[in-house]
Amino acid sequence: MLLEVKDLNTYYGSSHALQGMNLQVDEGELVALLGRNGMGKSTTLKSIMGLVKPRSGSVKFRGVDITGLAPFKVARAGIGYVPEERRIFPTLTVFDNLMMGVKRGKMVTGDPDAWTLEKIYSHFPVLEKRRRQKGHTLSGGEQQMLAIARTLMGNPELLLVDEPTEGLAPLMVKEVRDMLADVHKAGVSTLFVEHNLKVAMSLAQRLYLMGKAHLAFTGTVEELDAQPEIREKYLEV
Amino acid sequence: MDSTTAMYVAQGIHGLAYGMILFLVASGLTMIFGMMGILNLAHAAFFMLSAYFSYQALAMTGNYWIALLAAPLATAVVGVLVERFLLRKVHAFGHVGELLLTVGVSLVILDAVKAFWGTESLYVDLPESLKGLIHVGGLEYPVYRLFVIGLALVVLFIMAFLLYRTRLGMVVRAAVSDADMVNALGINVPLVFMLVFGIGTWMAGVAGVAIAPILTVFPGLADQMGMDAFLVVVTGGFGSLSGAFIISLVFGELSSYGVQFISALAPVLMFVLMAIILVIKPTGLFGERE
């Protein structure tokens, strides 16, 4: 088991945003976390990452308890986080944004599977073309590419991606979708939050579906496909 | 050059020297705000503390250069301790707690200097090499003001180098816009905060040492500088170093020439300029946040 979230409870003030959330990601999996707005999908990722502190429950990564650790410690443990709205550093160049992802300022050497600048540029050619541009000059889709590439520079074993296709033009949605598949094929286990059902169903091997602050369904794409009443209740407007 | 022109030039140099000192204080303030999201209301107290440290170091060693090196470092150590053992503890309770804490720290520093050194003005004597006037092309410049300008420029270049040529600087620039994201990428942001706080107080410390021979050392030093530095940060834009630099120099000249030409209005000139800039651009000159 790569990631195991057990009975997690997170509060924003008095609002109980996560109520006993459970999920697991195995080595090599590509898992989607679905649900309508405000159900707690992003909060789940932030709680894993330590960006919000859960009040109870546990997060284990490779069996090690990382619940409530500072985000930089969670990242160093091997979890990479790509936030909603990308959060590119606007005043830094594309190159510097990528360098920000390198852990402790040291590039991984000697591992042929490691994400290096060359490998990033071969997967994301647009970033090489734009490497001297400031982050804020990139389009939404390019920023999404950069956000994912920046996190990959830290060679995470597990990638958490929050709403990768949100606000993107349809063509770009497909490109980002293909890129996530590509990154997964390169060996990175991934848990992603997605509101676009088509993207999620076409990409994920397994799905978690959130109702208000808790888990409503879990299973494979085929299993969700076979249960239109669940889709209707928790996903379709 | 006639005597009127010479006077204008001398006044300009006075303004430049004050502007540079102001920038040393304001840059630390704006950097800490940009990164940590808090207005450090103890910042000017560190500036004053360093002036006292320089007085003490000079009294103990008799060597101005030792005082110049040691006082800002000692101030930075106090700053780092305050960040590590006080500010970090209240971080979880939000910005109001942090703000109140910095007010408390400034009050403690103020009372501590009064208890140790009293309330009267203390004189910091300059070495012979920094006293007197220098004659260039028929003009007379006070050596010390030129020295202050040079000192500030050296600090400025060190800062620019750190900020734009090192990984630490890159991290700081990124954290100014989004500290949480930097943290999530695996960078020890609390440690970076502590370093920035230390560097910021060190710069305020350099300014404190620089101003001591000009204004003498007294507890009220913090008030005047605190207000001016705050105005610079607001007008230049919260978190913007280039904004702080430009506005510091403009304020320096405004106060210098203002006193000369319209002395009755001089104290309000900075406020007027701030109001004009904020009406046109509510985020300040180069700021992004309201």
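Modeller: The largest pocket here has 32 lining residues, and Leu51(A), His91(B), Ala92(B), Asp180(B) and Asn183(B) lie nearest its centre. As for the ground rules, this is a predicted model, where local features need pLDDT of at least 70 and side-chain atom pairs count only at pLDDT 80 or more, while totals for chains, interfaces and linings use all residues. Residues are numbered from 1 along each chain as its sequence is written, chains are lettered from A in the order in which they are written, and side-chain values use heavy atoms, with hydrogens and water left out.

Biologist: How much space lies in the largest pocket, and how is a volume worked out?

Modeller: About 880 Å³. Grid points are joined across faces, edges and corners, and the volume is the space filled by probe spheres set on those points.

Biologist: Which element gives the largest share of that pocket's lining?

Modeller: That's α6(B), with seven residues. Helices are DSSP runs of H or I with at least four residues, and strands are runs of E with at least two, numbered from the N terminus. α2 of chain A also supplies at least two residues to this lining, as do α1 (3–36), α3 (64–90), α4 (95–117) and α7 of chain B.

Biologist: What makes a lining residue nonpolar, polar or charged?

Modeller: Ala, Val, Leu, Ile, Met, Phe, Trp, Tyr, Cys and Pro count as nonpolar, Asp, Glu, Lys and Arg as charged, and the others, Gly among them, as polar. The largest pocket's lining splits into 16 nonpolar, nine polar and seven charged residues.

Biologist: How many cavities of 30 Å³ or more does the search find?

Modeller: Two. The largest cavity holds about 90 Å³, and its lining includes Met31(B), Gly169(B) and Leu241(B). By class, that lining has nine nonpolar residues, one polar and no charged ones.

Biologist: Which residues supply 34% of the area that chain A buries against chain B?

Modeller: First the whole: about 1700 Å² is buried between chain A and chain B, with carbon and sulfur atoms giving 64%. Of chain A's part, Phe72(A), Phe89(A) and Met100(A) supply that 34%, more than any other three residues. Buried area is the accessible area (1.4 Å probe) that two parts lose on being put together, summed over both. The contact (heavy atoms within 4.5 Å) takes 23 residues from chain A and 18 from chain B.

Biologist: Why is the meeting of Asp178(B) and Arg87(A) called a salt bridge?

Modeller: The rule asks for a side-chain nitrogen of Lys or Arg within 4 Å of a carboxyl oxygen of Asp or Glu. The side chains of Arg87(A) and Asp178(B) meet at 2.8 Å, N to O, so the pair qualifies. The count between the two chains is two salt bridges.

Note on methods
On a 1 Å grid over the protein atoms alone, a cavity is a set of points where a 1.4 Å probe fits but cannot get out, and a pocket is an open set with protein on both sides within 12 Å along at least five of seven lines; lining residues have an atom within 4 Å of a point.
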